[in-house]
Amino acid sequence: MIIVDRVDKLGLSQIYQLRGRVGRGYEKAFCYLLYPKNYALNENAIKRLRAIQSFQGFGAGIKLAMRDLEIRGAGNILGKKQHGYIKEIGFELYMDMLNKALSSI
């Protein structure tokens, strides 16, 4: 059994990782996700909790990753706020690496 308090403060991948720490093998396990009583969850927190509840079993990881992408957005891959090394390696090499990574999925 695992109890996660203030789950509303965690991201979807963090919740998924914590939930995955229990229930291995044949023994039944439980993961309790808690947030304060009478606390109004924001829209994204509700979406995260519904997603973690919906996707279980084989293939859940990729489905959760896609839902996380929907909730948080893809970001600005080429913008100034992007963290990474596109400046250092150049746009052409970056796009080549991105295409190879996407084709391996």
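**Entry 1. Secondary structure**

I counted the elements and found 5 helices and 2 strands in the protein. The model is a predicted one, and I read every entry below with that in mind. Going along the sequence, I wrote down the pattern β-α-β-α-α-α-α. I then looked up burial for the protein: of its 105 residues, 19% are buried. I also looked at how far apart contacting residues sit in sequence. Among contacts with a separation of 6 or more, 59% join residues 24 or more positions apart.

**Entry 2. The pair α1 and α2**

I took helix α1, residues 12–19, and helix α2, residues 43–54, as a pair. Their axes are 10 Å apart, and the packing angle is about 35°. I noted the crossing of α1 past α2 as right-handed.

Which residues make this contact? From α1 I listed L12, I15, Y16 and R19, and from α2 I listed R48, L49, A51 and I52. Sorted by type, the residues of the contact come to 6 nonpolar and 2 charged, with no polar ones.

**Entry 3. The buried side of α1**

I checked which residues of α1 are buried and noted L12, I15 and R19. Looking down the axis of α1, I found that its buried residues fall within an arc of 65°, so they line one face of the helix. The general rule is that an α-helix has 3.6 residues a turn, so residues three or four places apart point the same way. I then asked what covers the buried residues of α1, and the cover includes β2 (31–33), α2 and α3.

**Entry 4. I15**

Is I15 buried or exposed? Its relative accessibility is 2%, and buried means under 20%, so I15 counts as buried. Leaving out residues up to four places away in sequence, I15 touches V7, L10, L33, L49 and I52. I also took the C-alpha distance from I15 to R48: it is 8.6 Å, for two residues 33 apart in sequence.

**Entry 5. The nonpolar core**

I looked up the largest nonpolar core and found 14 residues in it. Which residues have the most contacts inside this core? They are L12 and L64. At least two residues of this core come from each of β1 (2–4), α1, α2 and α3 (60–72). The largest share is that of α2, with 4 residues.

I followed L64 further. Setting aside neighbours within four places in sequence, I found L64 in contact with L12, Y16, R19, A51, I52 and F55.

**Entry 6. R67**

I moved on to R67, which sits in helix α3. With a relative accessible area of 29%, R67 is partly exposed. Apart from neighbours within four places in sequence, its contacts are L12, A51 and F55. For R67 and F55, which are 12 residues apart along the chain, I noted a C-alpha separation of 9.9 Å.

**Entry 7. Y39 and the loops**

Next I turned to Y39, in the loop between β2 and α2. Y39 is partly exposed at a relative accessible area of 36%. Which residues does Y39 touch, not counting residues up to four places away in sequence? I found R6, D8 and K9. The C-alpha atoms of Y39 and D8 are 9.8 Å apart, while the two residues are 31 apart along the chain.

R6 turned up again when I went through the backbone angles. R6 lies in the loop between β1 and α1, and its relative accessible area of 29% makes it partly exposed. Its phi is near 55°, a positive value in a residue other than glycine.

I recorded N38 for a positive phi as well, near 60°, again in a residue other than glycine. N38 is in the loop between β2 and α2. Is N38 buried or exposed? At 76% relative accessibility, N38 counts as exposed, the cut-off for that being over 50%.

Terms used. Residues are numbered from 1 along each chain as its sequence is written. This is a predicted model: local features need pLDDT of at least 70, side-chain atom pairs count only at pLDDT 80 or more; totals for chains, interfaces and linings use all residues. Side-chain values use heavy atoms; hydrogens and water are left out. Axes are lines fitted to C-alpha atoms, for helices over the stretch in contact, and angles run from 0 to 180 degrees between N-to-C directions. A crossing is left-handed if the near helix is turned anticlockwise from the far one by less than a right angle, and right-handed if clockwise. Contact means heavy atoms within 4.5 Å. Ala, Val, Leu, Ile, Met, Phe, Trp, Tyr, Cys and Pro count as nonpolar, Asp, Glu, Lys and Arg as charged, and the others, Gly among them, as polar. A nonpolar core is a set of buried Ala, Val, Leu, Ile, Met, Phe, Trp, Tyr and Cys residues joined through side-chain atoms within 4.5 Å. Buried means under 20% relative accessible area, exposed over 50%, partly exposed in between (1.4 Å probe, protein chains only). The arc is that of the directions from the helix axis to the C-beta atoms.
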